[in-house]
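Here are my notes from a pass through this model. Have the viewer open while you read.

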Amino acid sequence: MFLSKLESLKKAIKLVDDNQKYTETEEIPIAEAHKRVLAEDIMAFHDSPPFDKSAMDGFAVIAENTFGASQSAPKEFKIIDSIGAGDFSSRTIGDNEAIVIATGAPIPDGANAVLMKEYTTTDDDDLTIYSQVTPGENISPKSEDIEKGQKVLDKNTFIRYQEMGLIASAGYDTVKVFKKPRVKIIITGNELVEPTKEEIDKAKIINSNKFTIKAMVEDSGAIAEITHAGDTFEEVKETILKSSEEYDVIITTGGTAISKWDVVLDVVDDIGDILFHGVAVRPGKPVGAGIVNEKMIFTLSGQPVASMSQFDMLVRKYLFKMQGRSFDFHVQKRTSELKIPSQLGRTDFIRAVADDEHAKHVLNRGSGIIRSMVEANSYIIIDENDEGYQKNDIVNVIFFDSLLW
């Protein structure tokens, strides 16, 4: 029997939320900050751009001097200087004068517009223009993007490549972020062997969980390390205790059901506190969670598909939130192509293939059939209050890609 009554998925998620822990912070070079989470507000040390700059290659001019210029009525200017990117001019532009200017270069004194090179011809210092510009045209004004002293990013912002550029422009060469959680994955099971092309002894099975769960931890922004424990109470106990002293989170796979070899929850009950054991979900009913030495431990099934689904249901959110990043299921609506049976009181995570309009559950979907997860690109979620769906019903879909860090 389970060590506690079957909890609803909503209750299990709440129990995990109520025991949420957060990592400490660290300061790292901005070059290493991609896909990390800010642990501080970003305040601009500089204006960006720091001066009025040219938005293109051309000629800095007084806009009013160009009024009326056209292909049929060109106007003549005199070139008095040239400015490249990273340079500036000490000259002040007067009437009917121009300065050659490169994209990004500071606008010289007296000028208030940039005329594109394509609308001009030159002969030494003589410039003929065939178009007019208005004041401010083709100029990026000072602090157009960032104003010195302005808050440009909030704490808990996920740093994408876009934020990398903004943080750098604000003047930061290092940035404070939440540390990545260190997760210990403990694989249990005397029947497991490493991948091999050779014939496998009977009663043995290749250990696939170590690879899938490690990848899922890394897809949640955390660091994963793996060890193995045999199916004995003392070995599992010793491994969990040691891991709880060295890691932020523990994940076990296998040993969560009710046979005499399934000792993981007995160990947690002995050395810590069980939050729940057994959740009314499919697949993955025997999932559990607890606290050992103030560290969260998730006890996942040994069945590969069940363990992946359990991870998505419960573990991802915890790892995201540890690093200051929120996590929610991004539910989309699709039309079911097939009838999907379920039962009241149980939440189903049905492997499915969905496109922009429809969703169809994968028919071969036992808890050990890894290929079903490969064939699927999403879950169809059937709430505990629903008895399933008929063909052409609107269903709730969560795409696998939306779960990733």
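The points below go through the sheets, the helix pairs, the cavity and a few backbone details.

1. Ground rules. This is a predicted model, so to speak of a local feature takes pLDDT of at least 70, side-chain atom pairs count only at pLDDT 80 or more, and totals for chains, interfaces and linings use all residues. Residues are numbered from 1 along each chain as its sequence is written, and side-chain values use heavy atoms, with hydrogens and water left out.

2. Six strands form an open sheet in the order 7-4-6-5-9-8, and the pairing is mixed. Strand 7 (113-116) and strand 8 (120-123) sit at the edges, each pairing on one side only. From one strand to the next, the twist averages 40°. For the terms: strands (E, at least two residues) and helices (H or I, at least four) are DSSP runs numbered from the N terminus, and two strands pair if DSSP finds at least two bridges between them.

3. Which sense does the pairing of strand 8 with strand 9 (residues 126-129) have? These two strands are antiparallel, over four bridges. If you want a residue pair to click on, Thr120 has Ile129 in strand 9 as its bridge partner.

4. Strand 13 (residues 182-188) runs parallel to strand 17 (residues 249-253), and five bridges join them. Lys184 is bridged to Ile250 in strand 17.

5. Helix 6 and helix 1. Helix 1 (9-18) and helix 6 (304-322) pack at an angle of about 25°, and their axes are 10 Å apart. Axes here are lines fitted to C-alpha atoms, for helices over the stretch in contact, and angles run from 0 to 180 degrees between N-to-C directions. Helix 1 and helix 6 are therefore roughly parallel to each other; the labels are roughly parallel for angles under 35 degrees, roughly antiparallel over 145, roughly perpendicular from 65 to 115, and oblique for the rest. The crossing of helix 1 past helix 6 is right-handed. A crossing counts as right-handed if the near helix is turned clockwise from the far one by less than a right angle, and left-handed if anticlockwise.

6. Helix 6 and helix 3. Helix 3 (residues 209-218) and helix 6 have axes that come within 10 Å and cross at roughly 20°. This pair is therefore roughly parallel as well, and helix 3 passes helix 6 in a right-handed crossing.

7. An oblique pair. The axes of helix 4 (residues 233-246) and helix 5 (residues 264-271) come within 9 Å, crossing at roughly 55°. Helix 4 and helix 5 are therefore oblique to each other, with a right-handed crossing.

8. The cavity. How many cavities of 30 Å³ or more does the structure hold? One, and about 30 Å³ of space lies in the largest cavity. A cavity is a set of points, on a 1 Å grid over the protein atoms alone, where a 1.4 Å probe fits but cannot get out; lining residues have an atom within 4 Å of a point. Points are joined across faces, edges and corners, and the volume is the space filled by probe spheres set on them.

9. What lines the cavity. The lining consists of Ile13, Val16, Asp17, Met313, Leu314, Lys317 and Tyr318. Helix 1 and helix 6 are the elements giving two or more residues, with helix 6 contributing the largest share, four residues. By class that is five nonpolar, no polar and two charged residues (nonpolar: Ala, Val, Leu, Ile, Met, Phe, Trp, Tyr, Cys and Pro; charged: Asp, Glu, Lys and Arg; polar: the others, Gly among them).

10. Backbone details. The peptide bond from Ser48 to Pro49 is cis, with omega near -5°; Pro49 is in the loop between strand 2 (42-43) and strand 3 (53-54). The bond from Arg282 to Pro283 is cis too, with omega near -5°, and Pro283 lies in the loop between strand 19 (281-282) and strand 20 (288-292). Ser143, though not a glycine, has a positive phi of about 55°; look for Ser143 in the loop between strand 10 (139-140) and strand 11 (151-153).

Key
1 Å grid on protein atoms, 1.4 Å probe; cavity = no way out; pocket = protein on both sides within 12 Å on 5 of 7 lines; lining within 4 Å.
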